[in-house]
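Please look at the sequence and the structure first, and then follow each answer from a value to a conclusion.

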Amino acid sequence: MESFPTSKRTDERFPILAHVKFRLVSSPDGSKPEPELHNGNNVIWNISRTGLFLATKNYAEIKSIVEIEFPLDDMNATLRGEAEVVRANHLNNPNQGKYEYGLRFTKMDDDSKAILDKFITLIDRKK
């Protein structure tokens, strides 16, 4: 899996509604890695070439690394990779039991990167 640059957000975000599976890989608070991907109630609200915005019932610390997997139905494909929690909002939806996170992709195989790039290009052309 190839690494992504560590710079701040530079790519335009695009709205998307997709359910994502994920698992905690590592956390600065020392939480144990989760053994497998889980569904929970995890939804992606927007995406870019370098990251995504996630709403979930699962708590995560900033700098945590998560493994993610989600479908891009328009592409008939599933993206897989790893992302770092770079922003967290633990207060926006407390009555819904959800947290919001900005994730930056850190690892993704070449096939997933190509699919994501094609998907973003298609969305961008529709604007």
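**From values to words**

Q: Where is the place of Asn-76?
A: Asn-76 sits in the loop between S6 and strand S7, the latter covering residues 77-93. The model in which it is placed is a predicted one.

Q: Why is Asn-76 called exposed?
A: Asn-76 has a relative accessible area of 74%, and since the word exposed requires a value over 50%, Asn-76 is counted as exposed.

Q: What makes the phi of Asn-76 worth a remark?
A: The phi angle of Asn-76 is near 50 degrees, which is a positive value in a residue other than glycine. Lys-63 is also described in this way, with a phi near 80 degrees, positive in a residue other than glycine.

Q: Where does Lys-63 lie, and why does it count as exposed?
A: Lys-63 belongs to the loop between S5 and strand S6, a strand of residues 65-72. Its relative accessibility is 59%, and because the cut-off for exposed is over 50%, Lys-63 counts as exposed.

Q: What pattern does the chain follow when read along the sequence?
A: The pattern is β-β-β-β-β-β-β-β-α, and the chain accordingly holds one helix and eight strands. Of the 127 residues in the chain, 40% are buried. Among contacts between residues at least 6 apart in sequence, 61% join residues at least 24 apart.

Q: How do you know what confidence the predictor gives to the chain?
A: The pLDDT of the chain averages 86, and 86% of the residues score at least 70. Residues 1-7 are described separately, as pLDDT stays under 50 over them, although the model has 19 contacts for these residues beyond four places in sequence.

Q: Why does Leu-54 count as buried?
A: Leu-54 has a relative accessibility of 3%, and because buried means under 20%, Leu-54 counts as buried. Leu-54 is part of strand S5, which covers residues 51-56. Leaving aside neighbours within four places in sequence, Leu-54 is in contact with several residues, including Val-20, Asn-42, Ile-44 and Leu-103. Val-43 is another of these contacts, and from C-alpha to C-alpha Leu-54 and Val-43 are 5.7 Å apart in space while being 11 residues apart in sequence.

Q: Why is Glu-82 called buried?
A: Glu-82 has a relative accessible area of 17%, and as this value is to be set against the cut-off of under 20%, Glu-82 is called buried. Glu-82 is found in strand S7. Not counting residues up to four places away in sequence, Glu-82 touches, among others, Val-25, Ile-65, Arg-104 and Phe-105. Between Glu-82 and Phe-22 the C-alpha distance is 9.1 Å, although the two are 60 residues apart in sequence.

Q: How many cavities of 30 Å³ or more does a search of the whole structure find?
A: The search finds one, and the largest cavity has a volume of about 60 Å³. Among the residues lining the largest cavity are Phe-22, Leu-54, Tyr-59, Val-85 and Tyr-101. S5 and strand S8, which covers residues 98-108, each supply at least two residues of this lining. The lining residues divide into eight nonpolar, two polar and no charged.

Q: Why is the aromatic pair of Tyr-59 and Tyr-99 called edge-to-face?
A: The count comes to two aromatic pairs. In the pair of Tyr-59 and Tyr-99, the rings lie 5.4 Å centre to centre with 80 degrees between the planes; because pairing requires centres within 6.5 Å and edge-to-face an angle over 60 degrees, the pair is edge-to-face. Tyr-59 lies in the loop between S5 and S6 and Tyr-99 in strand S8, so this pair ties together parts that are 40 residues apart in sequence.

Q: What makes the pair of Tyr-99 and Tyr-101 tilted?
A: The ring centres of Tyr-99 and Tyr-101 are 6.4 Å apart, with 45 degrees between the planes; because an angle under 30 degrees would be stacked and one over 60 edge-to-face, the pair is tilted.

Q: Which words describe the accessibility of Tyr-59, Tyr-99 and Tyr-101?
A: Tyr-59, at 46% relative accessibility, counts as partly exposed, and Tyr-99, at 24%, also counts as partly exposed. Tyr-101 has a relative accessible area of 2%, and because buried means under 20%, Tyr-101 is buried.

Conventions
Residues numbered from 1 in each chain as written. Predicted model: local features only at pLDDT ≥ 70, side-chain atom pairs only at ≥ 80, totals over all residues. Heavy atoms only, no water. Helix = DSSP H or I, 4+ residues; strand = E, 2+ residues; numbered from the N terminus. Buried < 20%, exposed > 50% of the residue type's maximum accessible area, 1.4 Å probe, protein only. Contact = heavy atoms within 4.5 Å. pLDDT = per-residue confidence, 0-100. 1 Å grid on protein atoms, 1.4 Å probe; cavity = no way out; pocket = protein on both sides within 12 Å on 5 of 7 lines; lining within 4 Å. Points joined across faces, edges and corners; volume = space filled by probe spheres on them. Nonpolar A, V, L, I, M, F, W, Y, C, P; charged D, E, K, R; others polar. Phe/Tyr/Trp six-rings, centres within 6.5 Å; stacked < 30°, edge-to-face > 60°.
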